[in-house]
Amino acid sequence: MNFDLTEERQMLQDTLRRYLRDKYTTSVRNEIIDSDTGLSDSIWAELAELGVLGALFTEEQGGFGGAGFDIAVVFEELGRAGVVEPVLDSVLMGGRLLAAAGKSDMVEEVIAGALHLAVAHGEPGGRYDLDHVHTQADGDTLTGRKAVVMNAEAADHLIVSARDGDAIGLYLVAQGAPGLTIQGYPLLAGGRAAEVTLDKTPATPLGLTLADYEAVNTLALVAISAEALGAMETATALTKDYLMTRKQFGRPIGTFQALAHRMSDLLIELEQVRSAVINAAGNLEAHDRDLHLSATKNLIGRAGRLVAEEAIQMHGGIAMTQEYELAHIAKRIIMADHRFGDTDYHLERFIALSAA
Amino acid sequence: MNFDLTEERQMLQDTLRRYLRDKYTTSVRNEIIDSDTGLSDSIWAELAELGVLGALFTEEQGGFGGAGFDIAVVFEELGRAGVVEPVLDSVLMGGRLLAAAGKSDMVEEVIAGALHLAVAHGEPGGRYDLDHVHTQADGDTLTGRKAVVMNAEAADHLIVSARDGDAIGLYLVAQGAPGLTIQGYPLLAGGRAAEVTLDKTPATPLGLTLADYEAVNTLALVAISAEALGAMETATALTKDYLMTRKQFGRPIGTFQALAHRMSDLLIELEQVRSAVINAAGNLEAHDRDLHLSATKNLIGRAGRLVAEEAIQMHGGIAMTQEYELAHIAKRIIMADHRFGDTDYHLERFIALSAA
Amino acid sequence: MDLSYTPEELAFQDELRAFLRDELPGDIADKVRSGRELDKADMERWHAILNARGWLAQNWPRAFGGAEWSAVQRHIYDVEAAAAHAPRIVPFGLSMLGPVLQKFGSKEQQDHWLPRILDGSDWWCQGYSEPGAGSDLASLKTKAVRDGDHYVVNGQKTWTTLGQHANMIFCLVRTDPDVKQQEGISFLLIDMDSPGVEVRPIILLDGSPEVNEVWFTDVKVPVENLVGEENKGWTYAKYLLTHERTGLGGVGSSQAGLAAVKRLARAENHNGKPLIQNPHFAARVAQVEIDMRAMATSNLRIVSQAAAGGAPGLEASMLKVKGSIIRQEINDLARRAVGPYAMPFASEAVEGANDMIPDRLEAGPVAAQYFNNRKLSIFGGSNEIQRGIIAKVTMGGGA
Amino acid sequence: MDLSYTPEELAFQDELRAFLRDELPGDIADKVRSGRELDKADMERWHAILNARGWLAQNWPRAFGGAEWSAVQRHIYDVEAAAAHAPRIVPFGLSMLGPVLQKFGSKEQQDHWLPRILDGSDWWCQGYSEPGAGSDLASLKTKAVRDGDHYVVNGQKTWTTLGQHANMIFCLVRTDPDVKQQEGISFLLIDMDSPGVEVRPIILLDGSPEVNEVWFTDVKVPVENLVGEENKGWTYAKYLLTHERTGLGGVGSSQAGLAAVKRLARAENHNGKPLIQNPHFAARVAQVEIDMRAMATSNLRIVSQAAAGGAPGLEASMLKVKGSIIRQEINDLARRAVGPYAMPFASEAVEGANDMIPDRLEAGPVAAQYFNNRKLSIFGGSNEIQRGIIAKVTMGGGA
């Protein structure tokens with residue numbers, strides 16, 4: 001056993017943290033959130049340049065990382081800074097699916113920041129179930145509806161799951177293809193998604209199955225968990241600072257026992273979350289991988305709610321205002337529960353896998 | 001709507017509270033707990049004399065109460081004082097079953113404190129399920145095993161449930177009857193129970209069915225809930241006193257914010273419990289009676305655990321010692337969860353009844 | 001004790017249900033049900049309908065044009081109105097200022113202001129909180145200096161709910177800076193159209209423009225707008241707070257919210273079954289419902305006690321804490337219920353997009369409400385303040 | 001990072017499992033599994049078996065006869081020993097006094113006392129807490145006055161775990177009453193057979209005679225029993241506390257406890273199915289298991305950090321709090337699992353009765369353990385003390 005980051009990952013973490021601290025300020029982010037596209041092209045280009053996108057791929061795939069801990073390091077930092085750019089969906093999920101399909105040219109473009117992707121899998125009424133796919137593949141066209149598709153508007157291509165008879169396969173659909181309708185909307189925690197309808201829309205089979213999607217979904221679980229960890233680090237740090245700065249009766253409110261003890265509880269939960277993310281990232285190759293992933297996501301759902309709610313509560317009114325950093329971070333934490341299965345979904349899965 | 005106690009109940013409450021405060025001190029109780037019988041005959045006689053036992057029966061049955069709020073008033077006070085005498089099992093359950101069977105002579109004796117009963121219904125492996133009865137009735141004898149039968153050793157008669165074909169009926173078995181074995185043991189929270197085996201033991205049918213048992217079980221739910229409320233009142237009062245008395249750094253520890261706020265949370269839960277007991281006692285005749293009872297027992301299970309654990313924790317070491325009043329009271333609170341269905345049992349029942 | 005309604009109370013309930021069925025405008029109820037924002041006209045319309053029936057000022061004495069309902073009647077209204085998706089009555093004039101004027105205002109003030117609250121001539125807002133003062137009203141800094149027949153007011157109020165709609169504000173102002181903190185405070189009625197009053201919106205974390213900052217720069221206020229005596233404002237404020245707290249359990253709103261959660265969870269499917277049948281989700285729903293049932297009884301007990309003249313300070317604080325926790329838990333269940341559809345940012349601005357998302361529209365902006373309702377445990381005396389009060393009242397000292 | 005065991009670690013695990021299978025006496029394991037009380041001879045027997053293998057003093061340097069295991073090795077032992085129902089190693093001599101003597105004791109003290117810990121000649125107990133001092137060691141009052149070649153000790157210690165078995169006690173005593181609280185304290189080794197030492201049992205709420213009061217009346221202690229320098233005892237105590245806290249997460253004990261809960265819940269039936277399949281019970285089990293898995297990783301991280309020379313003060317406090325909560329939650333699950341059979345008072349005294357209750361015997365005294373283990377968050381620095389430490393370290397000030 002060994003709990004140290006490799007030198008490369010340590011460097012990646014330092015670089016990314018410094019970059020985001022300097023460039024991705026609250027006001028910059030608020031402008032991005034309010035913009036029509038919901039993302040910044042220049043930030044995107046710089047993330048590519050810093051090697052952040054490449055770190056999400058193996059050397060074989062044209063990157064220089066791609067393991068669980070590479071993903072964890074990147075997303076923890078993105079989470080810490082409350083980054084709204086769709087690295088998770090466009091690069092990690094989209095890119096790794098294309099890599100699995102052997103589309104190395106496109107992967108190269110993704111890593112260079114030159115190609116945007118969207119993964120259109122979930123459908124209305126499907127909640128978090130991975131096999132709820134009613135979109136139909138008929139020869140080389142798709143017909144159906146996809147729900148809350150992240151980054152659909154900005155994507156050059158959509159990777160769409162569809163059913164051909166009993167089999168679920170993945171298909172590539174170009175932006176602007178006939179019969180493709182994208183109705184976009186902003187998200188509560190920043191960024192944009194869309195309802196996507198396909199009506200006999202031309203599509204290219206990627207030769208991938210639901211199992212390939214599931215494999216990438218496990219990476220996404222590590223990513224969203226690490227992102228939530230990063231956001232919780234910021235939430236606790238902001239709260240700690242606030243308690244040490246804000247005074248009542250002439251002393252910092254953090255010296256009042258009730259708040260001090262509740263702050264301690266948040267820090268304890270943060271340690272738990274940190275360990276949970278390590279368990280997820282470090283067990284991607286283990287035989288009981290899914291058990292670890294569900295354990296992690298469940299714990300993060302519970303701890304995340306506690307941290308977000310307590311951070312707001314201990315701040316008081318200021319945290320209720322949109323312009324304050326914590327407001328955004330708290331929304332990122334809570335909304336992470338709505339991706340790739342929520343607290344109860346993973347509790348059930350953990351129970352089922354434990355019994356198996 | 002009206003939330004005032006009637007004058008009679010107010011008097012009953014005052015009398016019983018005063019009596020127990022004066023007579024049922026910690027040291028008296030500890031002696032009772034350590035005694036071979038686990039109960040005090042003189043206390044029992046005085047409870048009868050004060051009319052406490054009679055208050056659990058309707059006028060028709062030879063008492064002068066018997067409604068939900070009569071039961072609640074009595075058991076709240078017994079709970080407050082941590083009384084270990086088996087009023088619930090011997091008088092309320094046993095007596096009301098005999099009343100339902102029309103055995104008015106015996107009921108009279110019960111009210112007078114002259115007759116002890118035990119209700120032998122639960123069986124090993126049956127947990128809280130009411131219809132888990134494997135004891136067999138064969139003609140006028142019973143054969144089977146009953147689990148954790150309260151007051152079995154002291155009882156003059158046992159009321160035993162048994163199965164005759166598909167029907168479950170109740171039978172009267174005399175103490176000392178042939179084939180009756182009573183293996184007694186003390187209980188963690190005071191009092192005694194026993195494992196009871198019947199081997200072709202002579203028994204008299206009472207003409208009562210499982211439905212009659214269930215009816216008395218609803219009264220028992222009100223009683224145990226009120227008892228837990230009373231115990232929680234004592235637990236919070238002891239904790240409040242301790243926090244106001246015990247000093248650190250020259251001031252009462254209750255003035256430290258963390259403990260003050262946690263104390264407030266206990267008082268809030270106590271209000272909830274008080275209301276829950278009112279809901280149970282006041283809805284015994286309502287069409288959704290069982291929904292109310294399960295709601296109450298579930299809430300009491302959750303609040304009881306919080307109150308017992310927090311009361312001990314806020315006291316610190318002293319509460320860990322057997323001789324301190326809170327130790328006994330905390331045990332009574334937690335052990336109430338193990339009677340007539342625990343927190344989860346009633347959660348499930350509430351869900352089932354809500355869906356119905 | 002008797003938990004059942006009397007025949008009179010049952011008749012009242014019937015009457016109320018009929019009224020809500022016949023008189024509550026469908027478009028307003030739809031907005032409330034789906035969690036969309038009500039505009040000023042919606043709220044004024046509903047107030048006018050209630051006022052026409054004499055049911056707007058439910059806790060006011062009949063002498064002032066009120067309905068003078070009993071505690072149980074108000075409870076019944078609370079539950080029935082919420083179940084019918086009626087808007088909440090805007091409390092500032094009716095529940096807050098009204099009782100203060102009735103108890104401490106002059107005859108002239110009562111005659112002038114009370115009818116204007118009822119007929120909607122004035123929209124009141126509350127000027128209590130100040131930046132940096134948190135829930136600690138005694139440390140407020142907004143100054144009013146007497147100058148002939150008027151006061152000159154300078155300072156800033158914050159967290160002023162719905163201040164953007166108001167033409168009048170009742171304020172706590174400091175009229176004597178030299179005395180102990182809680183003394184030297186006065187209760188002043190200020191016309192928001194006066195020169196020097198500026199309202200700036202604060203956008204809350206869910207994007208809603210619900211609260212405001214109100215700035216006062218040399219604002220002239222006629223002395224006849226002083227309520228009661230100068231420097232006695234703290235007494236009136238305390239009276240108001242006690243009054244305001246009655247019913248803070250939010251029983252009606254919790255019940256309606258829980259019913260909405262159940263509707264959502266019946267419509268959602270998980271593993272081929274309605275979500276409401278999922279044992280984990282059902283357990284969450286059941287536990288909060290059980291807590292709510294007890295809290296509702298506490299609420300009734302406390303309200304009847306208050307009606308009988310008891311001082312509900314302690315119990316009101318308990319109710320506020322428990323009530324806010326329950327409502328927030330219900331909000332949390334609602335966001336869980338809708339799954340990934342909790343993520344879209346639903347607001348008037350994206351109504352067009354919402355039309356694309358039928359499931360989402362049914363859901364309403366549940367995640368936004370979840371965040372917005374974090375305020376329940378922060379504004380109006382945070383739960384920490386309430387716990388401090390409970391500790392202080394029961395143990396003395398403790399804070 | 002790498003979460004998998006190395007081949008060497010796996011080999012160690014195999015070796016350990018074989019040892020436990022072959023050497024752990026069945027009667028002792030049975031007692032541990034069923035939660036019955038171990039007597040002194042049981043514990044001494046197990047110590048001797050471990051010592052024969054050289055595995056008793058796991059964290060001691062080899063120079064002192066220790067096993068000098070790595071953090072991961074100690075973790076593996078913790079888990080395997082608990083799973084095999086081995087008794088806990090009594091910590092007072094081995095984990096507490098040993099390291100202090102090794103760091104601060106004289107050569108003579110090391111040569112004399114350390115071998116006696118290993119071979120079981122001495123049973124040590126700890127004399128820290130005093131009545132009224134709570135977890136606040138700095139305010140202790142037991143006095144030691146130098147008188148020629150010995151100290152005269154007067155005072156009282158309390159919560160002395162297993163003191164009834166001990167022949168030696170290490171004590172913090174006040175040797176200089178005139179200096180600041182934490183100075184003027186010395187670390188003294190006292191023979192419990194000395195005249196003037198009296199041990200009185202404290203019965204805990206579950207009926208167990210586990211802790212004691214120890215009274216000192218004019219007890220003469222030779223000066224050579226002073227560890228390190230006079231008035232520097234506080235430094236040694238802090239060192240010991242840090243050492244003591246390592247591994248306080250109680251991972252092995254939690255894992256074994258959870259396994260026991262699962263066994264019980266598989267045997268119990270509810271609605272015709274094993275209780276473990278009940279979704280509500282399963283959810284409780286799953287959540288605590290998930291928390292435990294994260295805590296186990298925290299434990300390893302912190303232990304390896306400590307091994308690498310990091311100071312684990314803050315993290316040890318976090319671990320103690322979380323570890324105690326998890327273990328208490330497991331105890332709570334156990335009492336729920338057995339249903340009505342949680343009620344009997346199971347102890348040696350009623351062993352006869354227990355034989356009548358087969359289900360109960362399998363269950364062990366789970367409710368008694370539930371109550372007994374409330375101590376985990378109280379003794380050894382309460383969770384409140386730990387939270388204060390965490391706040392102080394991270395925010396400064398706060399307590």
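The largest share of the lining of the second largest pocket, 7 residues, is supplied by α8(C). Helices here are DSSP runs of H or I with at least four residues and strands are runs of E with at least two, numbered from the N terminus. The structure is a predicted model, in which local features need pLDDT of at least 70 and side-chain atom pairs count only at pLDDT 80 or more, whereas totals for chains, interfaces and linings use all residues. Residues are numbered from 1 along each chain as its sequence is written, chains are lettered from A and ligands numbered from 1 in the order in which they are written, and side-chain values use heavy atoms, with hydrogens and water left out.

## The second largest pocket

The second largest pocket holds about 1,200 Å³ of space. It is lined by 48 residues, and those closest to its centre are B:Asn283, B:Asp288, B:His292, C:Leu3 and C:Arg293. A pocket is an open set of points on a 1 Å grid over the protein atoms alone, with protein on both sides within 12 Å along at least five of seven lines; a cavity is a set of points where a 1.4 Å probe fits but cannot get out, and lining residues have an atom within 4 Å of a point. Grid points are joined across faces, edges and corners, and a volume is the space filled by probe spheres set on the points.

Elements of chains B and C each supply at least two residues of this lining, among them α7 (210–245) of chain B and α9 (279–307) of chain C.

## The second largest cavity

The whole structure contains 11 cavities of 30 Å³ or more. The second largest cavity has about 360 Å³ of space. Of its 29 lining residues, B:Val84, B:Met150, B:Gly190, B:Arg332 and B:Arg339 lie nearest the centre. Two or more lining residues come from each of α4, α5 (87–100), α7 and α10 (325–336) of chain B.

## Aromatic rings

Over all chains there are 32 aromatic pairs. Rings of Phe, Tyr and Trp (its six-membered ring) pair if their centres lie within 6.5 Å; planes under 30 degrees apart count as stacked, over 60 as edge-to-face and the rest as tilted. C:Trp113 and C:Trp124 are edge-to-face, at 5.3 Å centre to centre and 75 degrees between the planes. C:Trp113 belongs to helix α6 (residues 107–118) and C:Trp124 to strand β1 (residues 124–127) of chain C. C:Trp113 is buried at 9% relative accessible area, and C:Trp124 is buried at 2% (buried means under 20%, exposed over 50%, partly exposed in between, with a 1.4 Å probe and protein chains only).

The pair of C:Trp159 and C:Phe379 is tilted, because its planes stand at 35 degrees, with the ring centres 5.0 Å apart. These two residues are 220 residues apart in chain C. C:Trp159 is partly exposed at 22%, whereas C:Phe379 is buried at 17%.
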